[in-house]
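I opened the notebook on a new model today.

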Amino acid sequence: MYDIVVVGAGSTGSVIASRGSEDPNKTVLLLEAGPDYSDIEKTPFDLLNSHQNSMKDHDWGFKYEPTRGRDIDFPRGRVTGGSSAVNTTIALRGMPEDYDEWADLGNCQWSWDKVLPAFKRLERDLDFGDENYHGDAGPITIRRYPDEELLPQHQAFLESARLLDYPECIDANDPSGWGAGPQPMNKLGRLRISCAVGYLAPARIRPNLTIRGNTFVRRLLLKDHQCTGVEVENADGTIDTIAAKLVVLSAGSLMSPPILMRSGIGPQKQLESFGIEVIQDEPGVGSNLCDHPAISVVCQVKDGAIINFDSPLIQTILRYTTQGSDKRNDMQIEQLSYVGGHGGPPLFAIAACLEYQYGRGEIRLRSADPFDNPIVDCRFCEDDRDTSRLVKAFRDTLAFSQTGPLADMIEVVTFPDPKRPLTDDDIAVLCRKLAASGYHPCGTVKMGPRQDRQAVVDQFGCSHRIDNLVVADASIMPFVPRANINLTSIMIGEKIGEWIRTQPSRYGL
Ligand SMILES: Cc1cc2nc3c(=O)[nH]c(=O)nc-3n(C[C@H](O)[C@H](O)[C@H](O)COP(=O)(O)OP(=O)(O)OC[C@H]3O[C@@H](n4cnc5c(N)ncnc54)[C@H](O)[C@@H]3O)c2cc1C
């Protein structure tokens, strides 16, 4: 019997296991379906190398439908560190208004004033650690590329942004800031500072923390509306049960809902259609899927020598507000250093990423088989408020390809076809057809007050209707914040991990 069993060693689960095990009197077991590399010397290169995403070697092999009728890969990390161990290391916070909106929805513990201390605690910002809204001593090291380390295309991007009248922004995490500048990134040189590196490595020596890799959680064990542990499948195919006083489900927004559903917690009709015994009808499980839909301008460059697949994929960012929008910084434009592959024409891309999203998708079971990945139905750009802003942003992105030094680098724009006239309606059609995930799915087990029947957990992560069960990962976000969500997922781990340690009775410990 463990005090706390954490399911999933990702951006949130690693942090909860680390913070929870700071109390030497609590035993913590962290379960992870993928491998656990206990030593940086033994960690494979794809996880250390932050210049590119790791898309295959430690991946779940999910597919998703961004817009109807397309089925494409949706990478998710399957290893200790989770998606933080395979991602691009962009370290951005949402806008203060995002968290204040979460609070307005009945989650007063998540207002900007209440989340800022956790954002400060998680980071060691090497550039702005002395600012009152930054931290300088946390587990996740963050820095920005100085001018002299920028690739030519990123230098050109910033110069073209200046010519397009966007202000310079030296710290994209300044709560009042906007404009173009270096991207804050959780990397040191090439090394990705994942949660496995930042949080788990120093915690491993604790005798009260056990980390078990290659252990797949099939379902939660439930008795009389109480969670008593988990059923796991080991690498050799044997099945065990593990008892716990508290189970924290941190399997991520695509996997936490299927685990709940297979355990009998989810939308009644859906569970019944797969012959799963319904323990608790929970209509919110799997609904409210949010993300950042994106669409890119793709360009063939004149000088192929600037396309180096061994260099950083991302170095800069533009955060801004689309014309006429009442949501501050609801858009990002990102210069991608390269796209395509070896042997093809030398290409880079400029991506428009919608940061404040109104539309919602959903996750459904494909079958009752725990190894069958769920259906991920994003429904991007079905809400006209999303499409109209993405259309404007696509025009803003095209302007980059036509302005200043970035334009000078381009031989030809390969998408969209420059020979075809593009009306706003034409771009809207492209967005509805081609918008793709920013890899930031969240919201599928949302938190909120009990009277909101779509809310599965309360603002402390506790299930409303099942005792001794907490959900803590990107799935509890009420909606996606206006930033890449890794830092927000870590912040959730910081807050809930701290509450578990300091308010054990709230969690039945
Ligand atoms: C390729 C890629 C690039 C990205 N780039 C960025 C970026 O640059 N910046 C940014 O902010 N965000 C980025 N993201 C998104 C960000 O990394 C994730 O949103 C964040 O890590 C989510 O944290 P999480 O804890 O909710 O889930 P995860 O970190 O995905 O953790 C879930 C964990 O649970 C484990 N698990 C799942 N099911 C089971 C099971 N049945 N049994 C046992 N274990 C299980 C998984 O293996 C995983 O380790 C990127 C994501 C990807 C995939």
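Predicted model: local features only at pLDDT ≥ 70, side-chain atom pairs only at ≥ 80, totals over all residues.

Residues are numbered from 1 along each chain as its sequence is written, and side-chain values use heavy atoms, with hydrogens and water left out.

**Ligand site**

I found 37 residues around the ligand; Ser11, Glu32, Ser83, Ile90 and Asn486 come nearest. By class, I sorted this shell into 14 nonpolar, 19 polar and four charged residues. For that sorting, Ala, Val, Leu, Ile, Met, Phe, Trp, Tyr, Cys and Pro are nonpolar, Asp, Glu, Lys and Arg are charged, and the others, Gly among them, are polar.

Strand 11 (215–223) and helix 12 (486–502) each supply at least two shell residues. Strand 11 gives the most, with three.

Next came backbone polar atoms facing ligand oxygens. Asn486 has one 2.7 Å from a ligand oxygen. For Gly77 the distance is 3.3 Å. For Asn484, a backbone N or O atom lies 3.4 Å from a ligand oxygen. How much of the ligand's accessible area does the protein cover? I read 99% of the 1,000 Å² that the ligand has on its own (Shrake-Rupley method, 1.4 Å probe).

**Helix pair**

I checked helix 4 (residues 112–122) against helix 12: the angle is about 105° and the axes are 9 Å apart. The axes are lines fitted to C-alpha atoms over the stretch in contact, with angles from 0 to 180 degrees between N-to-C directions. The two helices are therefore roughly perpendicular (65 to 115 degrees). Contact residues (heavy atoms within 4.5 Å) include Phe119 of helix 4 and Met491 of helix 12. I noted seven nonpolar, one polar and five charged residues in this contact.

**Backbone**

A cis peptide bond joins Phe415 and Pro416, with omega about 0°. I placed Pro416 in the loop between strand 22 (410–415) and helix 11 (424–434). Asp224 is not glycine, yet its phi is positive, near 50°. Asp224 sits in the loop between strand 11 and strand 12 (226–234).

Definitions and conventions: Near = heavy atom within 4 Å. Polar contact = N/O pair within 3.5 Å; in protein donor to acceptor, adjacent residues only side chain to side chain. Helix = DSSP H or I, 4+ residues; strand = E, 2+ residues; numbered from the N terminus. Parallel < 35°, antiparallel > 145°, perpendicular 65-115°, else oblique.
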